[in-house]
Amino acid sequence: MNETDVEKGSVLRKEAIETHRRLLDAAEELFAAKGLDGTSIRDITTKAKRNQASINYFFGNKQELYEELFRQRLREMRDSRLKAIKAVSGGKTKPTLEKLLHAYAEDFLEPFSDPRRSQRFMQLLFREMAEQRLPKNMFLDELAAPTLTAMEEAITVLCPNLNKHDSLMSVLSLTGQLVHIMQVRVLFEGAQGHSIASIDIDDAIEHIVKFSAGGIRTLAERT
């Protein structure tokens, strides 16, 4: 293989990566707005400015594209959260419960700091919860189980007296608070006349961390 062939191969790989990304981005926006059934392959390829054969080449069909979109987004969130947890647990400074909870909360809400992006992904999640077109265990296997397990283990190290059940429930409680803040931000985006419509993410994180840390320590003391 000569230098020209190598260069051509590199260009083709870049074009393939770009096409794959454009198809996923276009599909995410359209699925969020119109749902799986309401979106055609032609809609996706037109928006992505790619030919219809590209769907078959990269994904096989529309359903598999839908699943791959969720799988990739969930893995992105999983890897980012695991990295945040590890950074606290294995960092140079002494880990504390507050640092761990803050790192998890901050990373959890970071993808939703962009209102347009957060609204689109929330619409997609709401549609999926209503229509249930994904494999049953995808959310659990790709996101929930790995991050919950990592948080449970990290909390147990910092609060060794906390039993396994209370550790799990504490992480679920923390996650539930963060999901609620995320939903409120999307639901009341642009509204005026009430403080809840302009809730600050940093303030919300500080409150959730204090509230959760206090509750976890209380549970640990009772064990």
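**Figure 1. A look around M151.** Leave aside the neighbours within four places in sequence, and M151 is in contact with I85, L100, L101, Y104, V171 and L174. Keep in mind that this is a predicted model. M151 turns up again in the next view, as one of the residues that touch the most other members of the largest nonpolar core.

**Figure 2. The largest nonpolar core.** This core holds 56 residues, and the ones touching the most other members are F31, I44, L101, M151 and I155. Two or more residues come from each of α1 (3-34), α2 (41-48), α4 (62-89), α5 (97-109), α6 (115-131), α7 (138-158), α8 (164-187) and α9 (201-222). Which element gives the most to this core? That would be α4, with nine residues. As background, nonpolar side chains in soluble globular proteins tend to be buried together.

**Figure 3. Where α5 packs on α9.** Here the axes of the two helices, α5 and α9, lie 9 Å apart, and the angle between them is about 140°. On the α5 side, the contact is made by L97, E98, L101, H102, A105, E106 and L109. On the α9 side, look for I201, I205, E206, V209, S212, A213, I216 and R217. Sorted by class, the contact of α5 with α9 has nine nonpolar, two polar and four charged residues.

**Figure 4. I196, in the loop between α8 and α9.** You'll find I196 in the loop that links these two helices, α8 and α9. Is I196 buried, partly exposed or exposed? Its relative accessibility is 35%, so I196 counts as partly exposed; buried would need under 20% and exposed over 50%. Not counting residues up to four places away in sequence, I196 touches V184 and F188. V184 is twelve residues from I196 along the chain, and the C-alpha atoms of the two are 7.8 Å apart.

**Figure 5. Stepping back to the protein.** How many helices and strands are there? The protein has nine helices and zero strands, so from the N terminus on the elements read α-α-α-α-α-α-α-α-α. Of its 223 residues, 37% are buried. Among contacts with a separation of 6 or more, 71% are between residues 24 or more positions apart.

Technical notes
Residues are numbered from 1 along each chain as its sequence is written. This is a predicted model: local features need pLDDT of at least 70, side-chain atom pairs count only at pLDDT 80 or more; totals for chains, interfaces and linings use all residues. Side-chain values use heavy atoms; hydrogens and water are left out. A nonpolar core is a set of buried Ala, Val, Leu, Ile, Met, Phe, Trp, Tyr and Cys residues joined through side-chain atoms within 4.5 Å. Buried means under 20% relative accessible area, exposed over 50%, partly exposed in between (1.4 Å probe, protein chains only). Helices (H or I, at least four residues) and strands (E, at least two) are DSSP runs, numbered from the N terminus. Contact means heavy atoms within 4.5 Å. Axes are lines fitted to C-alpha atoms, for helices over the stretch in contact, and angles run from 0 to 180 degrees between N-to-C directions. Ala, Val, Leu, Ile, Met, Phe, Trp, Tyr, Cys and Pro count as nonpolar, Asp, Glu, Lys and Arg as charged, and the others, Gly among them, as polar.
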